[in-house]
There are 2 protein chains.
Amino acid sequence: MNMPRSHRAVFMKHALELAAKCHETGDVPVGCVVVKDGVVVGQGYNTREKEQRVTGHAEIMALNDACSNLGTWKLDGCELYVTLEPCVMCSGAIVNARIDTVIFGARDSKAGGVRSLFAICEDPRLNHRVEIIEGILKAECSLIISDFFTSLRLNK
Amino acid sequence: MNMPRSHRAVFMKHALELAAKCHETGDVPVGCVVVKDGVVVGQGYNTREKEQRVTGHAEIMALNDACSNLGTWKLDGCELYVTLEPCVMCSGAIVNARIDTVIFGARDSKAGGVRSLFAICEDPRLNHRVEIIEGILKAECSLIISDFFTSLRLNK
């Protein structure tokens, strides 16, 4: 389902609220929701430090939550909203899950697998292609990350 | 720790035994072990169909098992043995986990993220590089996959 821009901002706002939960645990604040037919079917936020688990990224948490809720690993027909550009691991998981569309807020110039360093989700050699929409609530999504790293430096 | 070739075959044999467990569930047979200082610290096999979870690949199961056992998401000093070349998702997870060395058996020409389609683990733009050793027990690792797809075709 192709969401109008205003709906996209609502779901990205939800992802930002999830990202804010990371402040309690010292994790880089990233939040993610998976949406099907206008309904949130999966959600997650970064818990890598909290759980000491390498796959604790927000997107993986949200994808697995959606798999549990829908009872299938095939998430075609779903959109994934995430505050920060997915890394290579998460980009690969998004392709594997056959997500229709990824909507992200801010780019990750050091590790981004969707636009910044790679274009995993649009690679014609893989068995699935994902539509990419970037820049939804970009200012807020950039700010939550830069605030985190600023306070990390100040606390050192 | 740099393992001699004979030790590598022992750990790949272990990964093959794990892969064989997939036959019970209809999953593509792939097995994986994570080794630190000559000791298995994590293991897993593909459970994507069984669990209907997109991250159910053998490497992700073994990495998360190692994180649980070692109490950290940083798996530096570890080797990862896997029967089939890792996909993009798993290659990204391996880099994120800071694995020292990946040893794989057979290439995956359609989805391989380490050699066949991408060279994720050796990309100089990412914040960690992984040594790659391929072809350990290649014949056995190829056979378990080709047997699986042959029987799948015969059963259709």
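Biologist: How many salt bridges does the structure hold over all chains?

Modeller: The structure holds 8 salt bridges over all chains, a salt bridge being a side-chain nitrogen of Lys or Arg within 4 Å of a carboxyl oxygen of Asp or Glu. This is a predicted model, in which local features need pLDDT of at least 70 and side-chain atom pairs count only at pLDDT 80 or more, while totals for chains, interfaces and linings use all residues. Residues are numbered from 1 along each chain as its sequence is written, chains are lettered from A and ligands numbered from 1 in the order in which they are written, and side-chain values use heavy atoms, with hydrogens and water left out.

Biologist: Which side chain meets Arg107(B) in a salt bridge?

Modeller: Arg107(B) pairs with Glu134(B), at 2.7 Å from N to O. Arg107(B) lies in the loop between strand 4 (101-106) and strand 5 (131-134) of chain B, and Glu134(B) in strand 5, so the pair ties together parts that are 27 residues apart in sequence. Helices (H or I, at least four residues) and strands (E, at least two) are DSSP runs, numbered from the N terminus.

Biologist: Which residues of chain A are linked in a network of salt bridges?

Modeller: Arg107(A), Arg115(A), Glu122(A) and Glu134(A) are linked in such a network.

Biologist: Turning to the interface, how many salt bridges does the rule find across chain A and chain B?

Modeller: The rule finds 0 salt bridges there. It does find 12 residue pairs in polar contact, both residues at pLDDT 80 or more. A polar contact is a pair of N or O atoms within 3.5 Å; within protein, one must be able to donate a hydrogen and the other to accept it, and residues adjacent in sequence count only if both atoms are side-chain atoms.

Biologist: What area is buried between chain A and chain B?

Modeller: About 2,700 Å² is buried, of which carbon and sulfur atoms give 62%; buried area is the accessible area (1.4 Å probe) that two parts lose on being put together, summed over both. In chain A, Gln52(A), Val54(A) and Trp73(A) lose the most area to chain B, together 25% of what that side buries.

Biologist: One more topic: how many aromatic pairs are there over all chains?

Modeller: The count comes to 4. Rings of Phe, Tyr and Trp (its six-membered ring) pair if their centres lie within 6.5 Å; planes under 30 degrees apart count as stacked, over 60 as edge-to-face and the rest as tilted. One of the pairs is Phe11(A) with Tyr81(A), tilted, at 5.2 Å centre to centre and 45° between the planes. Phe11(A) lies in helix 1 (residues 5-20) and Tyr81(A) in strand 3 (residues 78-84) of chain A, so the pair ties together parts that are 70 residues apart in sequence.
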